[in-house]
Amino acid sequence: MKLSKLRTGQSCVITKISGEDALRMRLLDMGLTPKTLVYLRHTAPMGDPMELRLRGYSLSLRRSDAELVEVEAVE
């Protein structure tokens with residue numbers, strides 16, 4: 001499933017990062033790497049951006065960028 005489909009309060013593990021080279025590298029530099037645990041803390045009222053919690057910090061990410069991240073849900 002895509003990171004953009006995650007619901008508030010749900011956790012997941014990143015399995016794959018897609019996209020063009022520059023955008024993919026930017027996502028990897030922000031800490032979105034495979035096998036990383038991610039928690040969706042909050043979404044803005046209009047649904048974009050989404051606030052993620054990973055690696056001990058909070059990250060705001062556009063839904064369009066989150067479409068490039070494949071994840072596996074964690075219960």
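The model is a predicted one, in which local features need pLDDT of at least 70 and side-chain atom pairs count only at pLDDT 80 or more, while totals for chains, interfaces and linings use all residues. Residues are numbered from 1 along each chain as its sequence is written, and side-chain values use heavy atoms, with hydrogens and water left out.

The structure contains four of them, a salt bridge being a side-chain nitrogen of Lys or Arg within 4 Å of a carboxyl oxygen of Asp or Glu. One of them joins the side chains of Glu 70 and Lys 2, with an N to O distance of 3.6 Å. This pair links distant parts of the chain, 68 residues apart: Glu 70 belongs to strand β5 (residues 69-74), and Lys 2 to the segment before β1 (11-17). Strands here are DSSP runs of E with at least two residues, helices are runs of H or I with at least four, and both are numbered from the N terminus. Glu 70 is partly exposed at a relative accessible area of 27%, and Lys 2 is also partly exposed, at 26%. On this scale, buried means under 20% relative accessible area, exposed means over 50%, and partly exposed lies in between (1.4 Å probe, protein chains only).

A second salt bridge is found between Arg 41 and Glu 51, whose closest N and O atoms are 3.4 Å apart. Arg 41 sits in strand β2 (residues 37-43) and Glu 51 in strand β3 (residues 50-54), so this pair ties together parts that are 10 residues apart in sequence. Both partners are partly exposed: Arg 41 has a relative accessible area of 45%, and Glu 51 has one of 24%. Arg 62 and Asp 65 also form a salt bridge, with 3.7 Å between the closest N and O atoms. Salt bridges with shared partners bring Arg 26, Arg 62 and Asp 65 into one network.

The strands that hold some of these residues also pair with one another. Two strands count as paired if DSSP finds at least two bridges between them. Strands β1 and β2 run antiparallel and pair over three bridges, with Ser 11 opposite Tyr 39 in β2. Strands β2 and β3 are likewise antiparallel, pairing over four bridges, and Thr 43 stands opposite Met 50 in β3. The hairpin of β2 and β3 has six residues between the strands, and within the hairpin Gly 47 adopts a positive phi near 95 degrees. The loop between β2 and β3 also holds Pro 49, and the peptide bond leading from Asp 48 to Pro 49 is cis, with omega near 10 degrees.

Strand β1 includes Lys 16, a partly exposed residue with a relative accessible area of 46%. Apart from its neighbours within four places in sequence, Lys 16 is in contact (heavy atoms within 4.5 Å) with Leu 68, Val 69 and Glu 70. Lys 16 and Lys 35 are separated by 19 residues in sequence and by 8.7 Å in space, C-alpha to C-alpha.

Lys 35 itself lies in the loop between α1 and β2 and is exposed, at 76% relative accessible area. Its phi is near 75 degrees, a positive value in a residue other than glycine. The loop between α1 (21-29) and β2 is also the place of Thr 36, which is buried at 5% relative accessible area. The Thr 36 side chain reaches the backbone oxygen of Thr 33 at 2.8 Å. Not counting residues up to four places away in sequence, Thr 36 touches Cys 12, Val 13, Ile 14, Gly 31, Leu 54 and Arg 55.

Arg 55, one of the residues touched by Thr 36, is located in the loop between β3 and β4 (57-61). Arg 55 counts as exposed, at 54% relative accessibility. Its phi, near 50 degrees, is again positive in a residue other than glycine.

Notes: Polar contact = N/O pair within 3.5 Å; in protein donor to acceptor, adjacent residues only side chain to side chain.
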